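Have the structure open as you read.

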Amino acid sequence: MHRYPKHLIQLIEKLKKFPGVGQKSAQRYAFHLIEWPEKELAQFAALLSEIKSKLKTCDRCGCLERDNECPYCDDVGRQPQILCVVSHFKDVFAIEETHEYQGLYHVLGGLLSPLEGIGPEQLAIEQLKTRIQKLGVTELIIAIDSTLEGDATALHVKKELEPFDITISRLAFGLPMGSALDYVDGGTLARAFAGRRGF
Ligand SMILES: [Zn+2]
């Protein structure tokens, strides 16, 4: 890379931050990008600079809002007595694509990870308890990856909810161990939903 101009190297370094993108791919993307018309690059740059501030999460469930409304909490057609607990709002999109689920969601905002210093207080567990009472939840579905952290988090949630009279199931059934929810294909996820088991 010693013959590369400084700005090109900086661009390549940024592109290497994407999952699965190594040096070679990053170089290819960088050379591709600099071929874009000036105007399109400016639009891309503007989009990147404001994307974080433009995205808002629902203060009830933690899902991404659309036009200042929560597509789930504000949808009267959904069943508020059923909650699906996920670790990240991105997981909701994968679940919605299965068309198997009509309840509401609850985003924890991460997984328990002592190594990364993420403890129960960093996750939206107290909010979950409040919502269970407020919504009169009767069924809770835990849709969290079957990884070390995922299993620990699911167990912790279950333990915290022991005082509540609700049915708890977990989607791990049918999902390959260690699979990330957003990598699982729609059919597998739909089957996992249909075949959820008590947890
Ligand atoms: Zn919401």
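Start with the largest pocket: its lining has 9 nonpolar, 4 polar and 6 charged residues. Here Ala, Val, Leu, Ile, Met, Phe, Trp, Tyr, Cys and Pro count as nonpolar, Asp, Glu, Lys and Arg as charged, and the others, Gly among them, as polar. A pocket is an open set of points on a 1 Å grid where a 1.4 Å probe fits, with protein on both sides within 12 Å along at least five of seven lines, and lining residues have an atom within 4 Å of a point. This one has a volume (the space filled by probe spheres set on the points) of about 320 Å³. Closest to its centre are Arg60, Cys61, Cys73, Arg131 and Leu135. Helix 5 gives the most to this lining, 5 residues; helices (H or I, at least four residues) and strands (E, at least two) are DSSP runs numbered from the N terminus.

A quick word on the model: it is predicted, so local features need pLDDT of at least 70 and side-chain atom pairs 80 or more, while totals for chains, interfaces and linings use all residues. Residues are numbered from 1 along each chain, and side-chain values use heavy atoms, without hydrogens or water.

Now find the second largest pocket, with about 220 Å³ of space. Its lining has 8 nonpolar residues, no polar ones and 1 charged. Helix 3 gives the most, 4 residues, and the lining also includes Leu11 and Lys14.
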